Each structure stands twice: as structure tokens, then as C-alpha cells.
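These are my notes on the two-chain model you sent.

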Amino acid sequence: MTTATLTDRYVDAAMRTVPEAQRADLAAELRGSIDDQIEARLGEGEDQASAERAVLTDLGDPDKLAAGYTDRPLWLVGPRYFLDWWRLLKLLLWIVPACAAFGVSLAMVLEGATFGEIVGAVVPLLITVVVHIGFWTTLVFVVLERTGHETMTSGPWTPDQLPEPRQRGAGLGDMVTSLAFLAIFAGVVLWDHFVGLAPTQPGLPFLDPGLWPWWIIGLFLLMALEAVLAIVVYAVGRWTPALAVANGILNLVLAVPALWLLFEGRLINPEFFPTIVADDGAKVGVIVNVVIGFVIAGIAIWDTVDAAMKARRASRG
Amino acid sequence: MSETEILETHLQELRRGTVVLACLRLLVNPGYGYGLLEELGQHGFATDANTLYPLLRRLEKQGFLTSEWNTDESRPRKFYRTSAAGSRLAASLTDDFRAIAAAIDDLPTPDVQPDRRH
């Protein structure tokens, strides 16, 4: 018979992934063992075909057997590297997609792209970035697993590596920081109006003087409410869902009019950039407008999300 | 997972290391793959072929077994024998197994209630 038997095929399949040097020896031993087992079954009255089939079925997937012979791992990232892999992946997924989306949308706004164009570019970008991070990070660890290198953070774990307790965001320090920031901001606005931010003679205000008095009074009112909120959060001792919602509304009430004024060209003093930057004042003004818009929206979103997450953690804990 | 499967898993974990010890003790007299498989079964260490063959290779690589092809018979066979290092390993494993058995005997015995669900 010239056709290969099941045993021939099994031994071939098992030897495919075994290093050349061990192959002949292992193949001969494996074949002998299979033949021994078949013979034992024949002795019990089974026929050749079913005995062979039963023995090979018991031996199982030949690649798995070969992995046992060669100590090859049958997993992509095993227990030794799993935690390092998972921590690094989470860290990268927190940082990189957000930075990429922010950077690309900022650049596109400066180039004058529409909102739809930006969404159309950022969504596929985010998907691509996430897939790339997942793939390359995992690939590095798969290679590490198979070459047996230590990872960068490996080394015995010590209690010093325990994470600090999560900040509740409602301590004395948080309140003082909030109040100090509000006070400084109010001081800057007043300084800007009465002295002027730009060191010219006479001083040149950065904010549009047309905002005085009513818009600025509105701003100070909102800032006073923010200060009250900071004190209430400290007094309650934690962020509650209601406080987080109030914080979100305050951010909304502050950011939306600010952005509206910005794009109406009424937030920044129209004299400011043409005076400071003689040649390209208008161009610089447009760029600064866009950057400020991003900063206002970014701070409002970040602050709202941050408070919401603290409220959620507090309600869980 | 059913209760018998869970029991099976625990028993497997408990017995895992004992196959190594049994091989090292049995192979004081040279033996080959299938013959050893049978012998293990007779001595109460039922083992799968796909566990035993890689195990023999690993012990050989670690120097606890030596091997030699025997081509006297019609079917050439690779015979394994416990090396000096293998005998020392078998002695320490045996001591440790006895120590574990003694330690278990010293443990308080939980009352075994008959399983009423059956």
C-alpha cells in the first residue's frame, strides 16, 4: 500500500513543529509507541482500523502533543505577562486615542474644516488607533512570551507598588484649590480690564471691553456659584449625583455663552492681536480663537466628567 | 461544571506531581513508552499517553533520565532509565510525599455528611 496511513499522517503532523535536530528520534519513538498501543488493542480483538483510530483519538491534537514535547506555550500571553500586558494596554488606550483625536480635530479646525468633516476624520482615526495599539502591544508581549525576556516593570512585586487610595475630590485641599483658582481668575479678569494684559501704553485689554459690565458681572456670578459649589462639596464630604449634575449645568452655562461670544468675535478684544503682532495679527487671532475654543470646551467636558466619575465612585464605595 | 467534574479536577491537581515520582521509581528498571504506560496503570497511576511521552522527554532533558535505543527486537524502542540525579530527586520527592501524608493526618478531620441530594 502506498497511501499514507493515519499513523503516518499523525506522526508527520506532530513533527512539523518540532526542531529538526530532535525530529528523527521523536518520530521513531512516537511511531513505536502508537504501534505498541494499536497492537495491545488488536490483542483484545479490535480490528486494525478502529484500533488505530482509537489510539490516535486518545493521543489528541498532534500540535498539542508537539507543544508538550518542545515546551511551547499554548497561549498568546500567559499568566507571567498577562498583568503587565493588560496594564500597559489600558494605559495606552486611556492616553493615545484621546491625544490623537484632540490633535487631529485641532489641526482640522485651524484648516477650516467643517464639523462633519472633522467627525468623519476622527471616528475612523479613533478606530484605527485603538486597533493599532491593541495589535502592536499584544505582538510585543507575544514575542516576549516566546523569547522569555523579562518585561520592563518585572521584578518582584513589593507593597510599595500599591496604588494610593483614590482621591474622593472632596477634601480640604480640593476646596482650597478650587477657591484659589477662581480668585486668581477673577483677579486676572480685573487686571485685564483696569491695567491691560498687554504691556503697551496705555494698557491693552485681552477681553473685549464691550463685555463690561453685564457679561462680566454674569461671569463673576457664575464663578461665585462655582465657589459655593466647591464649599458645598467639601461640607457634604463627597460628590453626590446631584452635585455632579449642578457642576455640569454650571459648566454648560459658562462654556456655551463663552464659545458663542468667541465665535461671534465678541470675546477677545479685536484690537489685541493686530496691535501686538504687527504683520500677521489677523491670522494669529484666528488661530488663538480656535485654540481658546478647544480649551474652553475641553476644560468644561473634563471637569464635568471628572465630577461625575467621583460621584459614581462615592456612591459605590 | 458538575460536582463530579469539579472532584475530577481537584484529584488531577493533587496527583499531577506523583506521576513524575512514579516514573522515576519505576524506571530504575529500564522501560519504554508504552510499557511504562501499562506499568503506571497497574500501579495505580493511570496516565494519558499524551502526558507521559512529553514528560519523559522533559525529565531526560533535565538529566533525571537517560535513554538508549534498543534495536534487538523487531520494533526499535527507546528505553529510559533513572539516572543518579533522578534517584536523588525520587528520594527527595518520596520524603516530601511522606511528610505531606503525615501533615495531612495531623489535620482535623471534617465530618463527612452523607450527600442527601441523591
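1. A helix here is a DSSP run of H or I with at least four residues, and helices are numbered from the N terminus. In that sense B:Arg25 lies in helix H1 of chain B. Please keep in mind throughout that this is a predicted model.

2. Overall make-up of chain A. Of its 317 residues, 14% count as buried. Among the contacts in chain A with a separation of 6 or more, 68% are between residues 24 or more positions apart.

3. Overall make-up of chain B. This chain has four helices and three strands. From the N terminus on, their order is α-β-α-α-β-β-α. The buried fraction is 19% of the 118 residues of chain B. For contacts in chain B between residues at least 6 apart in sequence, 43% join residues at least 24 apart.

4. The largest nonpolar core. This core has 30 residues, and those touching the most other members are A:Ala14, A:Leu30, B:Cys23, B:Leu52, B:Leu56 and B:Leu65. From chain A, the elements giving two or more residues to this core are helix H1 (6-15), H2, H3 and H4. From chain B they are helix H1 (3-26), helix H2 (33-42) and helix H3 (49-61). H3(B) provides the largest share of the core, five residues.

5. B:Leu52 and the second core. B:Leu52 is among the core residues that touch the most other members. Leaving aside neighbours within four places in sequence, B:Leu52 is in contact with B:Gly33, B:Leu36, B:Leu37 and B:Thr47. A second, separate core has eight residues, including A:Trp239, A:Ala244, A:Ala307 and A:Ala311.

6. Packing of two helices in chain A. Two packed helices are described by the angle between their axes and the distance between the axes. For H1(A) and H3(A) the angle is about 20° and the axes are 10 Å apart. Angles under 35 degrees count as roughly parallel, and H1(A) and H3(A) are therefore roughly parallel to each other. Their crossing is left-handed. H1(A) makes the contact through A:Leu6, A:Thr7 and A:Tyr10, and H3(A) through A:Glu52, A:Arg53 and A:Leu56. The residues of this contact divide into three nonpolar, one polar and two charged.

7. Backbone points to check. Most residues other than glycine have a negative phi, and most peptide bonds are trans. Which peptide bond is cis? The bond from A:Trp212 to A:Pro213 is cis, with omega near -5°. A:Pro213 sits in the loop between helix H7 (172-194) and helix H8 (214-236) of chain A. A:Asp71 has a phi near 60°, a positive value in a residue other than glycine. A:Asp71 is in the loop between H4 and helix H5 (79-110) of chain A.

8. A:Glu111 is in the loop between H5 and helix H6 (115-147) of chain A. With 10 C-beta neighbours inside 10 Å, A:Glu111 counts as exposed. A:Glu111 and A:Ile287 are 176 residues apart in sequence, while their C-alpha atoms are 9.5 Å apart in space. In chain B, B:Arg25 has 17 C-beta neighbours inside 10 Å and so counts as partly exposed. B:Arg25 and B:Ala90 are 65 residues apart in sequence and 6.5 Å apart in space, C-alpha to C-alpha.

How values were computed:
Residues are numbered from 1 along each chain as its sequence is written. Chains are lettered from A and ligands numbered from 1 in the order in which they are written. This is a predicted model: local features need pLDDT of at least 70, side-chain atom pairs count only at pLDDT 80 or more; totals for chains, interfaces and linings use all residues. A nonpolar core is a set of buried Ala, Val, Leu, Ile, Met, Phe, Trp, Tyr and Cys residues joined through C-beta atoms within 7 Å. A residue is buried if 20 or more other C-beta atoms lie within 10 Å of its own, exposed if 12 or fewer, and partly exposed in between; C-beta atoms are placed from the backbone. Two residues are in contact if their C-beta atoms, placed from the backbone, lie within 7 Å. Axes are lines fitted to C-alpha atoms, for helices over the stretch in contact, and angles run from 0 to 180 degrees between N-to-C directions. Angles under 35 degrees count as roughly parallel, over 145 as roughly antiparallel, 65 to 115 as roughly perpendicular and the rest as oblique. A crossing is left-handed if the near helix is turned anticlockwise from the far one by less than a right angle, and right-handed if clockwise. Ala, Val, Leu, Ile, Met, Phe, Trp, Tyr, Cys and Pro count as nonpolar, Asp, Glu, Lys and Arg as charged, and the others, Gly among them, as polar.
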